[in-house]
Protein chains: 2
Amino acid sequence: MPLYTDLADELADAIRRGALRPGERLPSVRQARASRQVSAATVFQAYDLLESRGMIESRPRSGFFVRAARAASAAEPQAAPASPEATEVSIGDLVMQVLGSTRDRDVVPLGSAFPSPRLFPLRELARCGARALRALDPDRLLEDLSAGNERLRHQIARRQALAGIAVDPDEIVITHGAMEALDLSLRLLTRPGDIVAVESPTFYAALQALERHGLRAVELPTDPRDGVDPDALAQVLERHRVAACWLMPNFQNPLGSLMPEERKRALVALLARHGVPLIEDDVYGELHHGSRRPLPAKAFDAAGEVLHCTSFSKCLAPGYRVGWVAAGRHAPGLRRLKTLTSLATAVPSQLAIAEYLAQGGFDRHLRGLRRQLAAQQARMHALVEAHFPVGTRLARPQGGYFLWVELPEGGDSLALQARAAALGISLAPGALFSASGGDRRLRRGLRLNFGHAPGDARIEPALAALGRLVAAGGTPGT
Amino acid sequence: MPLYTDLADELADAIRRGALRPGERLPSVRQARASRQVSAATVFQAYDLLESRGMIESRPRSGFFVRAARAASAAEPQAAPASPEATEVSIGDLVMQVLGSTRDRDVVPLGSAFPSPRLFPLRELARCGARALRALDPDRLLEDLSAGNERLRHQIARRQALAGIAVDPDEIVITHGAMEALDLSLRLLTRPGDIVAVESPTFYAALQALERHGLRAVELPTDPRDGVDPDALAQVLERHRVAACWLMPNFQNPLGSLMPEERKRALVALLARHGVPLIEDDVYGELHHGSRRPLPAKAFDAAGEVLHCTSFSKCLAPGYRVGWVAAGRHAPGLRRLKTLTSLATAVPSQLAIAEYLAQGGFDRHLRGLRRQLAAQQARMHALVEAHFPVGTRLARPQGGYFLWVELPEGGDSLALQARAAALGISLAPGALFSASGGDRRLRRGLRLNFGHAPGDARIEPALAALGRLVAAGGTPGT
């Protein structure tokens, strides 16, 4: 990692903690050089990065300042109280409707679950795929069944090791996207009627999977900044017989929350004491906006009880449908279930990605992607602040591509969604993300996707239009 | 289709019916030319084809004769009685063990479920994939979600129409192989505890899927030649409340049986009367050894109650994991379930196949593949006859790549499998193919795969070794 991102992260932290306040001047380049023992170029790059994130601004002939706009900026949302009861899961047609709109390129994709495919090195992947398929030994098509391509599993294990996540290639099962990884994990660990603890709000696909398998959800209150509180989980574990937890510690969908490392440690230890396995959905872990990939809970797992599920769909290869689970001591059962359920993962996709990883362009691509997402987040944050009425709360995700917004008291994101759809703008209302339909506060929440195509000129007018709808009371409260 | 295959099929039928008996001389080329109004080349090609299938032989300076070996050849197996009771499904580690051996290239793959990847145009597919990915519009990655690539669905519908199967592109959902097509269909139509009617013996993956979803199986006696008897099914429908049928009318796995058209018609009419949907597994339909693709039951379905499931895995693109279901009136539900379960099918695989179909080489490839499989079947048939003891019964599949063998009275294919495995030979014992473990007769059955790599020199010694094991009483009966 280059030094400049370290410096930028350190300063960003200082700004977040309030050590550097809005309007305050940052150290001059000369001061920073001297105090940090870095080059002037490094300082400039760090300041550029912070500026692109909207955290500081340069004033001609005066230097760099913490952005004043931050001072008046929207507050962060707070954790909504979640129902402590186990709930039968049932989500309606809303998911299909919101998902359906992502298939229409004329709709402004603020409600999309996916980053724009234009953010990814599709040409280079295609070249890698062509090269690997030309060299394919036909017999490998059968030998790579079930666990997946050996070369790919080794590439994954190597990358994880470099990020501080010890994973054995033999515990990895390549899956048809993270969705299959999560679904297989859930099926392996539960029987119909079992209780699964999930975040509230949580990714609707998790709720759908619970519904499909006849499971009950216990919803854990989830802080938009720090995620699930292990103490709250401890109470749930005392009260319910929980078969598994399904959590997203890194850049949770929809909140964007990031569990601090000490929470992850405590979570893993708590679950180990109760003998409850963790299904960890880490599909956004690579999309941190800072300089270091946050560790997943898996990194603190000595007992092999964490099933770490992720994919290349959000960080490299959308549509290729390649995910994996590092299943710890559950790997043999997982491999068996994969074989019997879907036999194998598509070989052309696996080969293309293995070849791409081997040639070594992934980190360069990721650096560019993270910078782009951070800049787009800053811009969307600023647009919401500019156009939405006072009282709107805004999360400050440190990764991923979702911005969680809470409308002012009386707002109704479901009503807003219907009106926005009529204007050709999609958004994901809070009600999508709860088994119980959500409390009053969740129904004021909405998820905006800032992983749109670079330079998409429709984003600003769309946010302005949304702001007008909200301000005009177009969202009668419940 | 060229005329010579018509002539060959006609003669093959005459031989099967006994109109031309073993040892009898076929019409001379001059006679055939005159009576059929075809060219000498056509007659020669037809006779060559029949010879390659082991049905006739040329004797120098005498002409062509129906093979004498047929006279002494093994009888065909008969339908085993199936339990009329609904059975809880549970298959053990046997499936994993047999499947596992297909991953080892040193094992002679007589037990494999797959044809050799060496039978397929992998290079050409790779070129098509590379071309299509280069031309990919990134936005299509999202637009093709759930139902699958539009171009591919149209290509499929066009091909089906040419084969006499009326299918609407909009009722097609592209899936992760036929396994997902079948699994989604089953889940759409059933609830845990429901009864599903299946063939006996049947494909173990069907039994596994039933087990996974907590379903009960009613097993239908299945004739190795003609498949399920609609009258037997009618009795089952009177007795049980059946939620769905899962059948394989074309080249059933493991028997290789082919339901005659009148049976398919009667089947569809019967199910329509009872309002029971049919999940039709047609993955081997394209692998007929004669000149015409047998129609699936879907072709007789006016009510939209047949969910026709198939794939490219066995006829074009192993490992690509592209299948589909033409789901009739169940298409909207199927599409929704697909979206919520696995989101989408791998795009590189879909594009490669769509491009391959568009460029028009598929039929040429299939003609060659069918010829090769027919020749390999004839050879394996002859080898079993030559090496297995008297009393062995042998199916005569008209398509696919499985040869069903029934050991003489007292034989035990499970014991044979264990001994063969020690010699590095895999085979699929009858017990794999029944929810109830099978009756005495099924436990004498075994499935041999003749879809091995062309010129695999290990096949003959392997069959000789198996024959010695059987003859030496290496398989104490039960």
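In the predicted model, one aromatic cluster is formed by F203(A), Y204(A), W404(A) and F433(A). Rings of Phe, Tyr and Trp (for Trp, the six-membered ring) are taken to pair if their centres lie within 6.5 Å, with planes under 30 degrees apart counted as stacked, over 60 as edge-to-face and the rest as tilted. Over all chains, the structure holds 20 aromatic pairs. The rings of Y401(A) and F402(A) have centres 4.6 Å apart and planes at 50°, so this pair is tilted. Y401(A) and F402(A) are both buried, where buried means under 20% relative accessible area (1.4 Å probe, protein chains only). In chain B, Y356(B) and F362(B) form an edge-to-face pair, with 6.2 Å from centre to centre and 75° between the planes. Y356(B) is buried at a relative accessible area of 3%, and F362(B) is buried with a value of 3%.

Residues are numbered from 1 along each chain as its sequence is written, and chains are lettered from A and ligands numbered from 1 in the order in which they are written. Because the model is predicted, local features need pLDDT of at least 70 and side-chain atom pairs count only at pLDDT 80 or more, whereas totals for chains, interfaces and linings use all residues; side-chain values use heavy atoms, with hydrogens and water left out.

F251(A) lies in the loop between strand 8 (242–247) and helix 11 (261–274) of chain A. Helices (H or I, at least four residues) and strands (E, at least two) are DSSP runs, numbered from the N terminus. F251(A) is buried, with a relative accessible area of 2%. Contact is defined as heavy atoms within 4.5 Å. Leaving aside residues up to four places away in sequence, F251(A) touches several residues, among them Y284(A), H288(A), P294(A) and Q398(A). P294(A) is 43 residues from F251(A) along the chain, and their C-alpha atoms are separated by 9.5 Å.

Chain A as a whole has 16 helices and 15 strands. Of its 478 residues, 63% count as buried. Among contacts in chain A between residues at least 6 apart in sequence, 76% join residues at least 24 apart. The C-alpha atoms of chain A fill a box of roughly 65 × 55 × 45 Å along the principal axes. The accessible surface of chain A (Shrake-Rupley method, 1.4 Å probe) comes to about 17,500 Å², of which 50% belongs to carbon and sulfur atoms.

How values were computed. Buried < 20%, exposed > 50% of the residue type's maximum accessible area, 1.4 Å probe, protein only.
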